[in-house]
Amino acid sequence: MKKKRMPHWLVLLLLVFLYMPILVLITYSFNEGRTGAKWTGFTFKWYIELFRDRNILRAMGYTVLIAFIASTLSTLVGTVTAWGIRYMKRNTSGLLLTINDLPLLNPDLVTAISLMSLYIFLKMRFGFMTLLLAHIMFSIPYVIITVLPVLRRISKHQMEAAMDLGARPVEALLKVILPQLKQSIISGWLIAFTMSIDDFVISFFTTGSGVSNISIAVFSMARRGINPKINALSSIMFVAVIFLLLIINKNRKSRKEDLAIEENILLH
Amino acid sequence: MKNRFNRYAWPYALWAGLIIVLPLLVIVAFSFTKDGSFSLDGYKLFFTPLYLQVLFKSLDLAVKATLICLLVGYPIALLISREDSRRKNTLMLLLMLPMWINFLLKTYAWRPILGNTGLLNSILEAIGLGKVQFLYTEGAVLLGMVYNFIPFMILPILSVLDKMDYKLIEAARDLGADNRRVFFKVILPLSLPGIISGISLVFMPSVSTFIIPVILGGGQDMLIGNLIERQFLKVGNWNFGSSISVILMLVILSTMIILSLFDREKRGET
């Protein structure tokens with residue numbers, strides 16, 4: 001009897017609070033009328049308009065392109081760096097990790113305007129490159145703090161053992177160390193990717209000359225008032241997120257490890 | 001052998017110095033200059049009633065949001081931690097899912113609900129109560145903060161409660177403590193690290209946000225984040241903008257120091 005009871009009403013209430021706005025948004029994305037709560041009929045027209053909007057389509061393209069390049073480069077650099085940090089003296093690695101934490105601890109706004117100031121200071125032209133650099137800048141720390149704890153659990157003697165048995169250093173790395181890091185590297189990439197897709201503040205301040213991502217496009221649309229196209233866009237993104245999570249979950253042996261990584265970032 | 005590998009971290013150290021540390025130094029330098037020479041004008045300007053009021057309003061709203069998140073989030077974390085592990089995982093996933101959704105879109109989602117012709121007002125009108133101005137008020141901004149950041153309060157607390165040794169509670173009970181004492185003497189002190197990271201994870205983004213006031217506050221509620229954005233993007237007064245940013249950083253740094261003192265004190269006791 002005890003097993004089948006519902007979660008406490010407070011927990012249910014929180015879930016309603018968290019999901020209600022999203023569900024309302026999805027419902028309205030099919031509403032004929034432009035504004036207001038009145039239901040005036042079912043339509044797909046906002047979706048059709050959304051896919052006719054050149055600006056939004058371009059922003060979507062930039063979002064995915066930047067997220068892909070930034071997260072991939074960050075994963076490469078972050079993993080190699082984590083490997084190096086493992087062999088640094090404690091003081092040096094402590095300092096580097098503190099600096100590495102700064103973008104995670106500083107408010108986005110401060111990171112954003114400080115980068116913007118740097119770009120101005122260096123007289124760089126705002127656009128794709130500045131945006132990409134900014135995304136790489138805030139993605140690498142996530143990769144490092146995801147990969148490093150796993151790397152630290154691997155004994156340093158494993159490399160030596162592999163090499164004693166005749167493996168070249170590269171071989172030892174690829175065949176012994178890397179397979180053990182695979183899971184955390186994938187997680188690091190995913191975290192960097194989602195952070196990049198989700199970012200607004202830093203992108204807003206570091207882009208220019210017509211390059212914008214989804215968040216910036218939404219922001220400029222939302223500033224002008226309620227626009228049902230945004231509802232349609234939100235619905236698509238929400239469904240995409242759920243699909244992505246389902247796919248990731250299916251490919252994972254244990255959810256526990258994901259939660260542990262998420263926790264590691266939260267409690268950092 | 002060992003020392004050969006640490007060189008792999010040096011390129012990143014160089015990069016981090018250039019793109020993480022240098023920009024912050026540039027901001028600090030900007031904050032102390034005017035027209036290229038040393039000046040405290042930015043700070044002097046900030047410490048006038050007009051701008052201090054903005055700082056106080058930001059602090060006020062952020063503290064309120066943090067308190068609401070803590071008071072609502074803690075019981076919820078406690079309730080979830082008592083579920084069996086399968087359901088706990090499901091609930092945690094449900095809490096995390098909204099974190100994956102674009103922050104702007106989540107905030108924007110409240111507009112059709114709070115608007116003057118929105119869902120809430122239609123319901124109020126249908127049951128005979130008049131219209132209420134929800135959108136573009138301070139309350140809406142507060143709601144936006146709580147809505148966006150409450151998972152950041154619940155999850156750290158939950159993970160600490162989850163790792164807590166249940167035998168300690170049993171021991172306290174065996175020694176005659178009632179529910180209240182078990183909670184205040186055992187559970188609460190042990191969950192303090194989670195509370196502290198929850199507080200900083202809610203307070204920091206709340207005090208520095210500038211999107212929520214723009215989307216839900218109609219730009220009337222000028223918080224410190226809006227002030228910084230405006231100085232950099234609209235007014236073009238980077239020196240003043242930098243001064244405000246340095247002050248914001250100091251606010252956050254001091255909060256973190258205070259919080260870590262709390263943490264250490266507790267750890268020192270045990």
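**View 1. The contact between chain A and chain B.** In this predicted model, 63 residues of chain A are in contact with 71 residues of chain B; two residues are in contact if their C-beta atoms, placed from the backbone, lie within 7 Å. Helix 1 (residues 9-28) of chain A supplies ten residues, the largest share of the side of chain A that touches chain B. Helices (H or I, at least four residues) and strands (E, at least two) are DSSP runs, numbered from the N terminus. That side of chain A comprises 46 nonpolar, twelve polar and five charged residues. Here Ala, Val, Leu, Ile, Met, Phe, Trp, Tyr, Cys and Pro count as nonpolar, Asp, Glu, Lys and Arg as charged, and the others, Gly among them, as polar. Residues are numbered from 1 along each chain as its sequence is written, and chains are lettered from A in the order in which they are written. Local features need pLDDT of at least 70, whereas totals for chains and interfaces use all residues.

**View 2. The two domains of chain B.** An automatic or database domain assignment gives domain 1 (1-31) and domain 2 (40-269) of chain B. Four residues from domain 1 of chain B and seven residues from domain 2 of chain B form the contact.

**View 3. Helix 14 of chain B and the residue that follows.** Within helix 14 (residues 224-235) of chain B, the buried residues include Ile224(B), Leu227(B), Ile228(B) and Phe232(B). A residue is buried if 20 or more other C-beta atoms, placed from the backbone, lie within 10 Å of its own. Gly236(B) follows helix 14 of chain B and has a positive phi, near 80°.

How values were computed:
This is a predicted model: local features need pLDDT of at least 70, side-chain atom pairs count only at pLDDT 80 or more; totals for chains, interfaces and linings use all residues. A residue is buried if 20 or more other C-beta atoms lie within 10 Å of its own, exposed if 12 or fewer, and partly exposed in between; C-beta atoms are placed from the backbone.
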